Amino acid sequence: MSAISYASELDVQTIFTLMGVASVVGVIVRWIKIPYTVALVLVGLVLGFFNLVTPIELTEELVLFIFLPALLFEASWNLKLTHLKPSAWIILILATIGVTFSIGFIGWVLHTLLGLPILVSLLFGAMVAPTDPVSVVAIMKQLKLDHYLSALVEGESLCNDATAVVLFKLLLAVLILKGAEAAPLVLQEYALSAFLQFLVVMVGGAVVGAVVGASFLAFAKQLDDHLMELTFTTIAAYGSFLLAESISVPGQIPHLHLSGVIASVSAGLVMGNFSQKMGMTASTRVIISSFWEYAAFFMNSLIFLLIGLDIQVFDYEKHWYAVIVGVAVTLLARILMIYGASFFINVNRKINRKKLFPLSWQHVLFWGGLRGALSMALVLSLPKEIIPQEYRELIILMVFGVVFYTLVFQGTTISKLLKLLNFSNASSEAYSRHQELKTRLVGAQQALSRLSALSQGDHVFPVVKDKINQQLSDEIAELNASLDELQLSNELLVFKDEVETRAKLLKVKHTVTSEMVLEGEVNEEVGNKIKAELIESLEELEHLQFGDIKGETTK
């Protein structure tokens, strides 16, 4: 393997150099049809090839403790539980059983075809079986998918990497105890303990994150200071991760801790979904969302450039066959995982009463299975003193090959797949346009109402009032005309608007019923019965899809 000289740390000069490069790339990709993150990887390859920038090694500590908490928190902060709920069972199955199956399948195939020790093969499976949330979320945001499909893709990528990290640590611990050449049967000695510790690691991480998030929301409720509330979210993102990783999990396999990845995701979900109910103002939420949006952009820009800088440093000529096998087996495992799980889910009506996993969604989930910084960080963290050098070098090459293939090939073609499946951006753009027009219309109507109130108090000259009144009236008429035109050209948009309107009205009925119970106008038993019916109707409405209304089969 080629020797490479890494910079010892990510210093200020390097950061500003990389951000300058990222800015230039961001401008260029506006004119070329390539995802921003993929462009960064390719530019990183060029920079590294010509030695224009000294590579910074993507260590496990740098990725897991610096980059990942911010990216996970930002993604989960914007992930709505109402959008996630219909796909919860799918995400749970894919992120646990699916990832475990993929690791086992990849490990068995590599052990059979390449003759690698079973523990080494399984470690490779743990590094490449899950999709990487950093890569997936960054690209999916640009594609502007349907809310529920986007939540499924993002939710699966956020959860399955936590499973893989935990299983990676479990396998690494067994390897340290028994050595790389241990027989396959040695895994049976640790199966029960590993399963129990796995549950504790996952559930414990979720509890820690939820408690941290809820605690900071309770503090924020006592304040009306957007800077302090923004500080609380930052502490929650990193604090929940560090707290979880500091709590040891007892068991037969040593050196395990609660999942910091799950903790950050849990904290973000709690704070993002319950901040308004806990009294956070709309303006504060906008400020916090803007801050985390920039933080994610900053982290993504750095991490994808660093991937490109690192990925080119090795010589693939001697091991091209192993790299191709690694890529092919990884893709095959993903195919079996996605389509196999979907068959089980779609025939089991208890799990999937509304056909929440249509075939076109399966295609998107498979092809959107990108690997990135997390896989690279894990493989570079393999201890040199435990794994023989020839195996370690080969595994690094194979993991880098998988990351390069999925980011560059799948990352650049997923938009074409979406267009082929009729998931074009047209409907999303129309929906965004509809939301913009509706917001402007409400603002203009409120302004007109306020103008009338001001004029009654003799605060506005009549001539000024008439002039502004005419301008606002013209604006309202123009906005209404634009909305009517948009409605006529997009039937799916009308459906979405109908669902949202019905949901709002159901919530109004729920609020009115609660108020009547509190005021003693109706007894609690009757009120609870009505509210339960309203909640059930709301859940059914949230599960409703366009094909159900149209009487057509969902894609």
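Mentor: The accessible surface of the protein chain comes to about 26700 Å², and carbon and sulfur atoms hold 62% of that area. The model is a predicted one. Of the 555 residues in the chain, 50% count as buried.

Trainee: Why is serine 259 called buried?

Mentor: Its relative accessible area is 5%. Buried means under 20%, so serine 259, at 5%, qualifies.

Trainee: Where does serine 259 lie in the secondary structure?

Mentor: Serine 259 lies in the loop between helix H10 (226-245) and helix H11 (260-274). The chain as a whole comes to 21 helices and 0 strands.

Trainee: Which residues does serine 259 contact, leaving aside neighbours within four places in sequence?

Mentor: They are Ala162, Val166, Val201, Gly205, Ala244 and Glu245. Across the chain, residues 24 or more positions apart account for 82% of the contacts with a separation of 6 or more.

Trainee: Which residues touch the most other members of the largest nonpolar core?

Mentor: Met127 and Ile395 do, in a core of 150 residues. Helix H8 (residues 147-178) supplies the largest share of this core, 17 residues. Beyond its neighbours within four places in sequence, methionine 127 is in contact with several residues, including Phe168, Leu378 and Ile395.

Terms used: Residues numbered from 1 in each chain as written. Predicted model: local features only at pLDDT ≥ 70, side-chain atom pairs only at ≥ 80, totals over all residues. Heavy atoms only, no water. Helix = DSSP H or I, 4+ residues; strand = E, 2+ residues; numbered from the N terminus. Buried < 20%, exposed > 50% of the residue type's maximum accessible area, 1.4 Å probe, protein only. Contact = heavy atoms within 4.5 Å. Areas by Shrake-Rupley, 256 points an atom, 1.4 Å probe, with all protein chains shown as cover. Core = buried A, V, L, I, M, F, W, Y, C linked by side-chain atoms within 4.5 Å.
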